[in-house]
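Biologist: Before I use the terms attached to this model, I would like to see the grounds for each of them.

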Amino acid sequence: MYYCLMGPPGVGKGTQAVFLSEKYGLEHISTGNLLREAVRQKTKLGLQAQNYMNQGLLVPDNLMIALVEEVFQKGFILDGFPRTVPQAEALDSLVKRKGLALDQVILLTLDEEELVKRLTGRRVAPKSGRVYHLYFSPPKKEGVCDETGEPLIQREDDKLEIVRPRLQRYFVEQSPLTAYYKEKGLIREISAEGSPEEVRQRLEECLKKN
């Protein structure tokens, strides 16, 4: 099984990708996690990507493709990749070289204002890596990690002045990518409204029809 899970920042791709990877035994390849880990380890690719991420800009296609190729596995769910048509074309070439083919591209959709609320409400514990949300999963004590007691921070790319332009760029670039996969008959759109469990049910129904 080879799937791409796409959608705007804050739509819940990571949560649903973890569920799908566990249920179907797929390798979960999260480009967001790949980028953050590369930045944390100060790898060559990570240092190159960091400047773009801090400005809320999309990381260039060549860097993203290089990161994905490093961890590409058989039986995967790609979380947040591709983001552009050139990335999609590069992915097509990669899977073809390995004698594989995508089964489906799932696009999670959500209202822009709800996305802003989800993104700007996130808080992170730097040491433990635990993620909280001011509205949906707040810590027991405001501003402090339940596990370590360390102060929570807001990631630079979750700040409102970064989130708004980031979403606007996403929607502009998503349109041709959606058209690209529609022409191939691969894309399925699923609403990300409601709880993670409700979205999960829609995903399972979608996969049953595949």
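This is a predicted model: local features need pLDDT of at least 70, side-chain atom pairs count only at pLDDT 80 or more; totals for chains, interfaces and linings use all residues.

Biologist: How is the lining of the largest pocket divided by class?

Modeller: There are 18 polar, 17 nonpolar and 10 charged residues in that lining. Gly counts as polar.

Biologist: What makes α2 stand out in the lining of the second largest pocket?

Modeller: α2 gives four residues, the largest share of that lining. The second largest pocket has a volume of about 610 Å³ and 18 lining residues, with R36, V39, R40, V124 and R155 nearest its centre. By class, seven are nonpolar, seven charged and four polar.

Biologist: Why are β1 and β3 called paired?

Modeller: Pairing needs at least two bridges. β1 and β3 have four and run parallel, so the term applies. L5 has D79 of β3 as its bridge partner.

Biologist: How do you know that β2 pairs with β3?

Modeller: Four bridges join these parallel strands, and the cut-off is at least two, so they pair. E27 stands opposite F76 of β3.

Biologist: Which way do the residues of β3 point?

Modeller: F76 and L78 point one way, I77 and D79 the other, and all are buried, which means under 20% relative accessible area.

Technical notes. Residues are numbered from 1 along each chain as its sequence is written. Side-chain values use heavy atoms; hydrogens and water are left out. On a 1 Å grid over the protein atoms alone, a cavity is a set of points where a 1.4 Å probe fits but cannot get out, and a pocket is an open set with protein on both sides within 12 Å along at least five of seven lines; lining residues have an atom within 4 Å of a point. Grid points are joined across faces, edges and corners, and a volume is the space filled by probe spheres set on the points. Helices (H or I, at least four residues) and strands (E, at least two) are DSSP runs, numbered from the N terminus. Buried means under 20% relative accessible area, exposed over 50%, partly exposed in between (1.4 Å probe, protein chains only).
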